[in-house]
Amino acid sequence: MIIAIDGPGAAGKGTLARRLAEALDLAYLDTGLLYRTVAAKVLAAGGDPATPEVAEAAARSATFMDLNRPDLREEAVGQGASQVAAIPGVRAALLDLQRRFARQPPEGKRGVVLDGRDIGTVVCPDANVKLFVTASLETRAARRQKELRARGEASIYARVKQEMQERDARDSARATAPLKPASDAVVLDTSEMDADGAFRAAMDIITARTTAPPA
Ligand code: CDP
């Protein structure tokens, strides 16, 4: 069982994916953390995340152990992640890790939930259910700002919104695996939903897609 969840930043993918994985007893992988790992490695070494050779070397050395780095959620790392994510060699290096996780879920789980930007389109085109989770730019910027505040990071709404817009533009415009719903994805707009509402809506979609219609 593979559930693919894609969408722009701060749309609520992570919270939703984690809750679905728990409810359905599936393994969960936040693939954004892989791109964040690559950016964090490059930044820690004083490099520029937009330099292909440097970013590709960091991607080739990435392992699941790196996903525990404490600096991955920093905003600079998020921006760097979207820069390394535009480099085809970086995406190719990370593809294998993601597909291996989907094919052989850890801890003997019967399936996986993957969240990212290209899970339904590139990483797992055969996923059983594909959700494209989105929300208005204003809602997403407000959620991101709340997240930052909760971590004690000062932030200005206008700035958060602008950075989010830049990252959306970069993710959607890149040539390799751009952010877009797969043709068979169900779009879930969470602008007017809280986490419980999004979870219920997603469960309804999954049930409808994985239960055979009565004969
Ligand atoms: O937390 P947020 O949703 O904003 O970002 P994230 O999921 O941690 O991803 C950070 C960056 O990695 C994104 O802006 C994308 O450019 C990139 N990414 C990607 O290209 N493909 C994925 N499957 C996941 C993330």
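Which residues line the largest cavity? Select R36, R73, E75, R144, E147, L148 and R151, which together form that lining; a cavity here is a set of points, on a 1 Å grid over the protein atoms alone, where a 1.4 Å probe fits but cannot get out, and lining residues have an atom within 4 Å of a point. This is a predicted model, in which local features need pLDDT of at least 70 and side-chain atom pairs count only at pLDDT 80 or more, while totals for chains, interfaces and linings use all residues. Residues are numbered from 1 along each chain as its sequence is written, and side-chain values use heavy atoms, with hydrogens and water left out.

The volume of the largest cavity is about 30 Å³, taken as the space filled by probe spheres set on the points, which are joined across faces, edges and corners.

Now move to the ligand, around which there are 19 residues (a heavy atom within 4 Å), with R36, R91, D118, R167 and D171 coming nearest. Show α2 (32-44), α4 (75-84) and α8 (157-173), each of which supplies at least two residues of the shell; α2 gives the most, three.

Finally, display the polar contacts (pairs of N or O atoms within 3.5 Å). In the side chain of D171 an N or O atom lies 2.6 Å from an oxygen atom of the ligand, and a backbone N or O atom of R117 is 3.1 Å from a ligand nitrogen atom.

Methods:
A polar contact is a pair of N or O atoms within 3.5 Å; within protein, one must be able to donate a hydrogen and the other to accept it, and residues adjacent in sequence count only if both atoms are side-chain atoms. Helices (H or I, at least four residues) and strands (E, at least two) are DSSP runs, numbered from the N terminus. On a 1 Å grid over the protein atoms alone, a cavity is a set of points where a 1.4 Å probe fits but cannot get out, and a pocket is an open set with protein on both sides within 12 Å along at least five of seven lines; lining residues have an atom within 4 Å of a point.
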